[in-house]
Amino acid sequence: MPDIKQITAKEWAEQRVFVDKIRTYFSMHKRNNTPLACVRTFGCQQNVSDSERIKGMLSEMGFGFTESPDDADFILFNTCAVREHAVDRVFGNVGALKAIKTRYPDTLIAVCGCMVQQKHVAKRLKEHFPFVGLVFGTHVVHQFPELVWQSLQSRSQHTVTPDMDGVIVEDFPVVRDGTFKAFVPIMYGCNNFCTYCIVPHVRGRERSRDPERILREIGDLVQAGYKDITLVGQNVNSYGKGEAHGIDFPELLRRADEIEGDFLLRFMTSHPKDATKRLFDTIAQSRKISHHFHLPVQSGSDRILKEMNRRYTREQYLSLVSYARQVIPDISFTSDIIVGFPGETREDFEETLSLVKEVGFTSLFTFIYSPRVGTPAASMPDPVDKAEKTAWLQELTALQQEISGERLSKLIGTTHRVLIEREAEGYLEARLSENSVVRVEGQPELIGSYAEVEITAARSWIIEGKIHSVEPK
Ligand code: 5AD
Ligand code: SF4
């Protein structure tokens, strides 16, 4: 276990000095009545959660929020490094900000998160994007006010991306993105070092939040009317490992399930090697834990799983799924799969296809392998060309589409209690407990309410339903 440092109210009080200075600065360098910040988040729920904290601090500095970088006095991109495509997207978006900086030189542009935690990326930003004023890594988010102030004092790009880790931030202000759905981080970092993955290199070693603080946060959210709470971490099943309090993930879930109130409890992401029978038993006995389980398998070939350092076999994965279905008959599984890992052959890929058929996932996130600088897989021989990998990916998505279609058509005529989440393309959308999204007709006032919905049609990815009744909010 690393030495874990809790960053709490004391550190936030120290940052307040900078908060006040920044508030004064932007009250004189703003384009609107209220200074505006545009925060864009790329990547996973961990980043969404970090951005909520950054927004909390920006709000204390007197900022309002805008979706449009053109209107903003402060633009911040919180970035992802998991695949090259994500990195390219950020560079494209950052490049487009140059015109804004030229037109409004007082605009402060910041880039933070996993991507800049990589030395070669920070170097590229310094050399080719000098109009970016501040670059900071994942381990110093709690020093955000101080860093902003330093960058305002500096004439050149201010870069702070230390390798230190072992930090857990508590008691800092948060502006949440939703009013009835919330993410609660329970652990940070990852110790698994899958050979393709950059996350352990940019997010540091595993560390878990104090269980009492987590349970209090969930309780407060439920009191405030939140109905859909997701516990997040790179590997939530590792929660509590090596901690003196002895509360592991199943026990944390059990205690969270006991919190008074009508809410749905979700979690992600899980690693198959740490998903135990006890975890599935806990879900089976719970009242509030979702019956959807995201369990990334990555590959169906034992040889590739070994090369990936996943530390489970195809058989072990399948037996987990089978146990889970025994104790939770309506459980639904989704997964992540990487196609074209270095050295993967057609035979290996066919093992993945056969596993996908055998499990019958509700849906899949599929990715073509993307080499990450500094990871072991990046230096493994990779003879299969991009076109062939793309063809495999298409084959896999077509198979999954067929499986999803069959699963969904079985839902027709069934009724579900769902939370109406949002409006999209003139419809309302809700998520079934097995994680598929259903579209219904209705007024936007229903968003945030529970409703009884009957499934009336299912066409490839789209499920349609009709509302039978709505519960008061
Ligand atoms: N290339 C492609 N996909 C990757 N993932 C992680 N690293 C890589 C990589 N280098 C995928 C995994 C993981 C998901 C979040 O992203 O499937 O579960
Ligand atoms: Fe990456 Fe593997 Fe850790 Fe997931 S478990 S974050 S894939 S190293």
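Colleague: How many cavities of 30 Å³ or more are there?

Modeller: Keep in mind that this is a predicted model. With 30 Å³ as the cut-off, the count is one cavity.

Colleague: Which element gives the largest share of the lining?

Modeller: The lining includes D50, R53, H139, Y188 and R207, and by type it splits into five nonpolar, three polar and four charged residues. Two elements give two or more residues each, α2 (45-60) and β8 (167-169). The largest share, three residues, comes from β8.

Colleague: Where does the largest cavity lie relative to the domains?

Modeller: Look at who supplies the lining: domain 1 (5-167) gives residues, and domain 2 (175-409) does too. So the largest cavity lies between domain 1 and domain 2.

Colleague: On to α5. Which residues of α5 are buried?

Modeller: Helix α5 runs over residues 119-128, and buried means under 20% relative accessible area. That picks out V121, A122 and L125.

Colleague: Why do the buried residues of α5 line one face?

Modeller: On the other side of α5, K119, K123 and H128 are exposed. What covers the buried residues includes α3 (84-95), β5 (108-113), β6 (134-136) and β7 (158-160). Seen down the axis, the buried residues of α5 line one face because they fall within an arc of 100 degrees.

Definitions and conventions:
Residues are numbered from 1 along each chain as its sequence is written. Chains are lettered from A and ligands numbered from 1 in the order in which they are written. This is a predicted model: local features need pLDDT of at least 70, side-chain atom pairs count only at pLDDT 80 or more; totals for chains, interfaces and linings use all residues. Side-chain values use heavy atoms; hydrogens and water are left out. Buried means under 20% relative accessible area, exposed over 50%, partly exposed in between (1.4 Å probe, protein chains only). Helices (H or I, at least four residues) and strands (E, at least two) are DSSP runs, numbered from the N terminus. The arc is that of the directions from the helix axis to the C-beta atoms. Contact means heavy atoms within 4.5 Å. On a 1 Å grid over the protein atoms alone, a cavity is a set of points where a 1.4 Å probe fits but cannot get out, and a pocket is an open set with protein on both sides within 12 Å along at least five of seven lines; lining residues have an atom within 4 Å of a point. Grid points are joined across faces, edges and corners, and a volume is the space filled by probe spheres set on the points. Ala, Val, Leu, Ile, Met, Phe, Trp, Tyr, Cys and Pro count as nonpolar, Asp, Glu, Lys and Arg as charged, and the others, Gly among them, as polar. Domain bounds come from an automatic or database domain assignment.
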